[in-house]
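Please read the following note alongside the sequence and the model.

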Amino acid sequence: MRNFAKEIEERKQAGLYRTRRLVSGPQQPELTADGKPLLSFCSNDYLGLANHPANIETLKNALPETGLGGGASHLICGHHDAHYQLEERLAKFTRRSSALFFSTGYMANMGVISALAGRGDTIFSDRLNHASIIDGCILSRARIRRYGHGDVAALETMLAETSGHKLVVTDGVFSMDGDVAPLRELARVCREHDALLIVDDAHGIGVLGPEGRGSVLDAGLTEEDVPVLIGTLGKAVGTSGAFVAGSELLMDYLVQKARTYIYTTAMPPAVAMATCTSLDVIERGDYLRSHLEALIERFRTGARALGYELMASHTPIQPIMVGTNDAALALSKALEDRGLLVTAIRPPTVPAGEARLRVTLSAAHRMADVDRLLAALKECRPMMEAPETAWA
Ligand code: PMP
């Protein structure tokens with residue numbers, strides 16, 4: 001048998017041990033974690049809708065009508081009218097022909113990629129794609145070729161030397177770097193090399209594009225350019241679940257083939273109803289997005305002035321690059337001592353030597369919250385100057 005205790009000890013020694021915090025109360029910037037009040041800068045609730053009164057009201061009103069549990073999978077007897085309504089709403093929201101509602105983004109990626117690719121096909125995947133994309137690629141049994149992050153020229157060379165069915169898959173907004181994929185160029189090379197483009201816009205939906213419709217529409221691309229769009233609902237949308245949107249033919253095919261859709265219990269229908277309300281809030285939410293933009297700008301200007309290294313990101317994902325695992329843990333701890341929650345992100349979530357603090361901003365933050373983070377970062381700045389002594 002494997003020596004689990006030894007492996008855990010090795011992780012601890014390498015600064016890679018993972019822990020969980022116990023949060024009580026709703027998800028919002030003022031969190032209670034492990035019994036301590038903290039100002040959080042690490043959730044993906046980019047618009048502050050996880051605790052929005054309109055969404056909660058819909059959920060409460062829906063429950064007596066729909067009951068709680070999903071009861072069965074969609075193909076047995078779990079496909080509720082509320083799920084159907086949400087799919088219609090998601091298709092309209094993304095300006096696509098149709099949509100299919102999944103229970104989580106992880107399952108959407110696993111199910112969609114493994115349904116659309118198989119043995120003998122080739123999937124081209126950005127080096128920084130999310131774990132669920134990587135796992136979907138592995139599950140498909142297709143040949144996997146990784147291209148350098150955002151490197152369309154390298155991808156084009158690979159596409160040119162490959163025959164057979166080709167799929168290109170990318171995050172829309174990269175979850176740990178916050179940058180946006182070069183979607184227009186990706187669409188062009190996919191068109192030229194007859195490859196199917198799949199975009200996982202988990203972090204773009206709600207935040208980018210007209211009325212928050214995501215990075216694909218922000219890039220001016222249609223269903224023809226990006227035939228497969230995946231989005232999650234647990235981040236900016238503030239509820240739970242995920243979707244894929246595209247042609248009716250594609251959805252029909254996925255209902256036949258996507259195992260993570262077929263063999264799982266449907267989400268509680270009331271959550272689908274609350275998600276529809278959340279999409280209404282998002283469509284009318286330009287005020288939320290402009291406040292968010294102002295927060296991002298304030299953070300970037302302030303952190304750069306303090307000498308912190310940021311990424312080329314204009315999204316709410318604003319990593320502070322630190323380097324070593326110990327340094328990232330120490331900075332996170334120093335911020336926590338000052339009442340701030342910003343988690344350290346370490347390998348394998350990011351490449352070795354690129355540990356970071358993943359700061360995320362939300363429209364639920366006030367400008368004063370960002371100023372508080374910057375003041376704490378200022379106090380912690382000397383630690384960054386002499387890391388070998390400070391992190392000891
Ligand atoms: N795709 C990306 C790019 C993500 O960042 C995540 C979640 N971190 C997922 C998919 C998975 O979504 P979910 O949390 O709904 O499973």
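1. The model is predicted: local features need pLDDT of at least 70, side-chain atom pairs count only at pLDDT 80 or more, and totals for chains, interfaces and linings use all residues. Residues are numbered from 1 along each chain as its sequence is written.

2. An unreviewed UniProt entry annotates residues 38-377 as "domain: Aminotransferase class I/classII large"; UniProt positions follow the numbering used here, feature names are shortened, and annotations may be inferred rather than shown by experiment. Over residues 38-377 the chain is 44% helix and 17% strand, where helices (H or I, at least four residues) and strands (E, at least two) are DSSP runs numbered from the N terminus. The end C-alpha atoms of this stretch are 15 Å apart.

3. Around the ligand there are 13 residues, of which Thr104, Gly105, His130, Ser175 and Ala202 come nearest (a residue is near if its C-beta atom, placed from the backbone, lies within 6 Å). Helix H5 (residues 105-116) gives the most to this shell, with 3 residues.

4. An open sheet is formed by 4 strands in the order E11-E12-E15-E14, with antiparallel pairing (two strands pair if DSSP finds at least two bridges between them). Strands E11 (309-310) and E14 (344-345) stand at the edges with a single partner strand each, so one side of each is left without a neighbour in the sheet.

5. E11 pairs with strand E12 (residues 317-323) over 2 bridges in the antiparallel sense. Met321 in E12 is the bridge partner of Glu309.
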